[in-house]
Amino acid sequence: MINQIEIIHFIELQISLMKSFFMHYPSVKDFKWLLDFPGKGVILVGNESWSFKKHGKGIRFFKNNSSAAGVVDVIDNVNNAKIIDLWRLSQYFSSHADDEIKRALDEMVSSGVLQKISERQYELI
């Protein structure tokens with residue numbers, strides 16, 4: 001069973017990845033279509049190297065040099081790293097079922113940790 005702490009750690013990781021990305025590429029400004037974003041590259045978060053690839057209106061991060069497959073897919077809203085959705089979490093927590101993740105998200109909304117901002121998106125309060 002996935003717990004709230006694991007989801008909070010994911011959000012913190014996503015925030016760290018996006019902060020590092022913007023530190024590496026401070027001149028990007030097109031947050032709607034990402035037209036001035038690099039297509040791919042590598043950033044550092046702490047001591048870990050992460051590759052990224054731009055896709056559509058998002059960026060997918062892959063952890064380098066790790067036996068554990070770490071994927072953080074920021075599919076949209078790259079300028080607000082506090083937003084998560086079921087897709088992002090199911091990519092990262094691939095061993096957990098979607099209904100289990102959804103239940104944890106709904107519990108986090110009920111307890112006031114997250115707010116539901118659309119049918120599929122949640123934001124850390």
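Predicted model: local features only at pLDDT ≥ 70, side-chain atom pairs only at ≥ 80, totals over all residues.
Me: What makes a stretch count as a helix or a strand?
Reply: Both are DSSP runs, numbered from the N terminus: helices are H or I with at least four residues, strands are E with at least two. On that basis the protein has three helices and seven strands. Their order from the N terminus is α-β-β-β-β-β-α-α-β-β.

Me: Why is the protein called as compact as a globular protein of its length?
Reply: Its radius of gyration is 14 Å. That radius is taken over C-alpha atoms, and the globule rule is 2.2 Å times the number of residues to the power 0.38. For 125 residues the rule gives 14 Å, close to the model's value, so the protein is as compact as a globular protein of that length. Along its principal axes, the C-alpha trace spans about 40 × 35 × 20 Å.

Me: Why is Phe21 called buried?
Reply: Buried means under 20% relative accessible area, exposed means over 50%, and partly exposed lies in between (1.4 Å probe, protein chains only). Phe21 has a relative accessible area of 0%, so Phe21 is buried. Buried residues make up 40% of the 125 residues in the protein.

Me: Why is Phe22 called partly exposed?
Reply: The relative accessible area of Phe22 is 24%, so Phe22 counts as partly exposed. Tyr25 has 24% relative accessibility and therefore gets the label partly exposed.

Me: What makes Phe21 and Phe22 an edge-to-face pair?
Reply: A pair of aromatic rings is described by the distance of the centres and the angle of the planes. Rings of Phe, Tyr and Trp (its six-membered ring) pair if their centres lie within 6.5 Å; planes under 30 degrees apart count as stacked, over 60 as edge-to-face and the rest as tilted. Phe21 and Phe22 are 5.5 Å apart, centre to centre, with 80 degrees between the planes. The pair is edge-to-face.

Me: Why is the pair of Phe21 and Tyr25 called tilted?
Reply: The centres of Phe21 and Tyr25 are 5.1 Å apart, with 40 degrees between the planes. A search of the whole structure finds twelve aromatic pairs. Phe21, Phe22 and Tyr25 are part of one aromatic cluster that also holds Phe31, Phe37, Phe52 and Phe61.

Me: How do you know whether Ile43 is buried or exposed?
Reply: Ile43 has 1% relative accessibility, so Ile43 counts as buried. Ile43 sits in strand S1 (residues 40–45). Contact means heavy atoms within 4.5 Å. Beyond its neighbours within four places in sequence, Ile43 is in contact with residues including Leu17, Phe21, Tyr25, Trp50, Phe52 and Phe61.

Me: Why is Lys53 called exposed?
Reply: Lys53 has a relative accessible area of 52%, so the label is exposed. Lys53 is in strand S2 (residues 48–55). Leaving aside neighbours within four places in sequence, Lys53 is in contact with Gly39, Lys40, Gly58, Ile59 and Arg60. Lys53 and Ile43 are ten residues apart in sequence and 11 Å apart in space, C-alpha to C-alpha.

Me: What makes phi of Leu34 worth a mention?
Reply: Phi of Leu34 is near 60 degrees, a positive value in a residue other than glycine. Leu34 lies in the loop between helix H1 (4–24) and S1. Its relative accessible area is 0%, so Leu34 is buried.

Me: Is Asn77 buried, exposed or partly exposed, and what is its phi?
Reply: Asn77 has 28% relative accessibility and so counts as partly exposed. Its phi is near 55 degrees, a positive value in a residue other than glycine. Asn77 is found in the loop between strand S4 (71–74) and strand S5 (83–85).

Me: Why is Ile117 called partly exposed?
Reply: The relative accessible area of Ile117 is 36%, so Ile117 is partly exposed. Ile117 is found in the loop between strand S6 (114–116) and strand S7 (121–124). Leaving aside neighbours within four places in sequence, Ile117 is in contact with Ile83, Tyr122 and Glu123.

Terms used:
Residues numbered from 1 in each chain as written. Heavy atoms only, no water.
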